[in-house]
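Subject: Structure for you to look at

Hello,

Here is the structure I promised to pass on. Please open it and keep it beside you as you read.

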Amino acid sequence: MTTYPGIEELKAQAKRLRQAMNDRGTALTHGAALEMIARQHGARDWNTLAALAAKPNAATKTPLFVGAHIRGRYLNQPFTGEILSLSALPGGLHRISIHFDVAVDVVTFESFSAYRRRVSAQIDADGVSPRKTSNGVPHLVLDL
């Protein structure tokens with residue numbers, strides 16, 4: 001089951017989106033911003049998203065939204081970071097981009113390091129990437 005932010009948080013996201021677009025010279029009505037937020041969360045329109053968000057969520061999970069601070073494991077390395085983008089994909093998956101607070105070393109070899117500060121991945125409703133490393137560990141696991 002997908003967990004949605006509360007109505008007030010969704011409206012705040014729309015307000016921030018509208019302000020950002022207006023700051024860039026693109027006029028956007030509040031209604032249009034609400035519709036864009038609905039699509040970003042995988043709903044067909046604002047009324048559908050509002051109805052879904054009003055339902056009690058089955059589990060207490062950390063709500064995922066742009067700007068949220070999250071933690072988890074990337075390539076089995078712990079991280080904390082901020083969600084830069086989030087969008088729904090077919091099949092119940094989401095595309096997420098994360099900016100890590102501290103760069104994560106994605107290489108396990110002792111004589112070599114490769115640090116990443118931003119990653120993009122697909123996750124399911126539980127915050128787990130369907131893609132796995134060669135040893136079967138999911139690429140990304142969020143602590144929800």
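This is a predicted model: local features need pLDDT of at least 70, side-chain atom pairs count only at pLDDT 80 or more; totals for chains, interfaces and linings use all residues.

Residues are numbered from 1 along each chain as its sequence is written, and side-chain values use heavy atoms, with hydrogens and water left out.

Helices (H or I, at least four residues) and strands (E, at least two) are DSSP runs, numbered from the N terminus.

**Helices**

Start with H3, residues 46–54. Its buried residues are Trp46, Leu49, Ala50 and Ala53; buried means under 20% relative accessible area, exposed over 50%, partly exposed in between (1.4 Å probe, protein chains only). Seen down the axis of H3, they fall within an arc of 100 degrees, so they line one face of the helix. The arc is taken from the directions from the helix axis to the C-beta atoms. An α-helix has 3.6 residues a turn, so residues three or four places apart point the same way.

What covers these buried residues? H1 and H2 (30–40) are among the elements that do.

H1 spans residues 7–23. The axes of H1 and H3 come within 9 Å and cross at roughly 145 degrees. Axes are lines fitted to C-alpha atoms, for helices over the stretch in contact, and angles run from 0 to 180 degrees between N-to-C directions. Ile7, Leu10 and Lys11 of H1 meet Trp46, Leu49, Ala50 and Ala53 of H3. Contact here means heavy atoms within 4.5 Å.

At the start of H3, look at Asp45. One of its side-chain oxygens comes to within 3.3 Å of the backbone nitrogen of Asn47.

**Strands**

Two strands pair if DSSP finds at least two bridges between them. S1 is residues 69–74. Its covered face holds Ile70, Gly72 and Tyr74. His69, Arg71 and Arg73 are on the uncovered face. In a regular strand the side chains alternate between the two faces of the sheet.

S1 runs antiparallel to S2 (residues 77–88), joined by six bridges. Arg71 stands opposite Thr80, and His69 has Glu82 as its bridge partner. Two residues separate S1 and S2 in their hairpin, and Leu75 in the turn has a positive phi of about 50 degrees.

S1 also pairs with S5 (residues 140–142), antiparallel, over three bridges. There, Tyr74 is partnered by Leu140.

Seven bridges link S2 to S3 (residues 94–105), again antiparallel. Ser87 stands opposite Arg95.

Best wishes

Notes. A polar contact is a pair of N or O atoms within 3.5 Å; within protein, one must be able to donate a hydrogen and the other to accept it, and residues adjacent in sequence count only if both atoms are side-chain atoms.
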